[in-house]
Amino acid sequence: MMSQWIENGAFLLPEHLPISLYVASACLSVLDTLGYRSVFWKYPNDIYASGNDFNSAGKIGGILVEPAIRKDSDRGLPMPGWVCGIGLNLLSRQTDSPEGALKRDDLGAHGQNALGLSDLPKERVSGAERGGTLSTGPLKLAAAFAGKLREVFLECSEDMVRLHLESRLLWKNRWIVYSLSGRHGVGFVSGLGPGGELRLTDSEGQICFLGAHVRNVRLLTEAGSL
């Protein structure tokens, strides 16, 4: 688990997309570099591992972005910004899907729905750690996320972030069911809207957009049930 502070004004913030989408894009990019390419983003803030059978998708992480105010230690002034949190499942192989554990090839060469500590890089460091001890995999991973998040903010347009997440959108071109304001709905996932909302086509062919307050997004099975 890691958190990254983003001060208001540190980057040119997106006009339409929420910051959480930038965090998700950075997270997927870092996992790509580690060889975890069968990892998908479940709207609005979950990271899932999946193979060809999306029914057996398993959650391996989550993203949380919250506005916060910290105190400037030098000037004593309040500094508005955001705390961006990422949690990844490094050990457990459990899945929250009713079908049970994922197939061994669902994460490509790694064959599990968790990031093994042995899979993450270790290297000798000096200065910050006494005696030049080995930095652990999770610490390297956190540093990689922080660097990638900065890169995404500085170098990626809103369209680039949206297209990246659409290409890794869990259950894209599939029927889902969801809860919204206490009511259930059914829709066909076609991508993301201009503001990063989930874009659906309902059973009557009408386009609709679901914001981050949508709940219980699940795949609709062939039998018409969850």
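Residues are classed as nonpolar (Ala, Val, Leu, Ile, Met, Phe, Trp, Tyr, Cys and Pro), charged (Asp, Glu, Lys and Arg) or polar (the others, Gly among them). The model is predicted: local features need pLDDT of at least 70, side-chain atom pairs count only at pLDDT 80 or more, and totals for chains, interfaces and linings use all residues. Residues are numbered from 1 along each chain as its sequence is written, and side-chain values use heavy atoms, with hydrogens and water left out.

**Exercise 1.** State which residues line the largest cavity and how they divide by class.

*Solution.* On a 1 Å grid over the protein atoms alone, a cavity is a set of points where a 1.4 Å probe fits but cannot get out; lining residues have an atom within 4 Å of a point. Step one gives the volume, the space filled by probe spheres set on points joined across faces, edges and corners: about 40 Å³ for the largest cavity. Step two lists its lining: Lys42, Tyr43, Leu169, Leu170, Trp171, Ile176, Val189, Leu198 and Val217. Step three sorts this lining into eight nonpolar, no polar and one charged.

**Exercise 2.** Describe the faces and the partner of strand 2.

*Solution.* Strands are DSSP runs (E, at least two residues), numbered from the N terminus. In strand 2 (residues 39-42), Val39 and Trp41 on one side and Phe40 and Lys42 on the other are all buried, meaning under 20% relative accessible area with a 1.4 Å probe, protein chains only. Strands pair if DSSP finds at least two bridges between them; four bridges join strand 2 to the antiparallel strand 3 (residues 46-49). Within this hairpin, three residues lie between the two strands, and Val39 stands opposite Ala49.

Note on methods: Buried means under 20% relative accessible area, exposed over 50%, partly exposed in between (1.4 Å probe, protein chains only). On a 1 Å grid over the protein atoms alone, a cavity is a set of points where a 1.4 Å probe fits but cannot get out, and a pocket is an open set with protein on both sides within 12 Å along at least five of seven lines; lining residues have an atom within 4 Å of a point.
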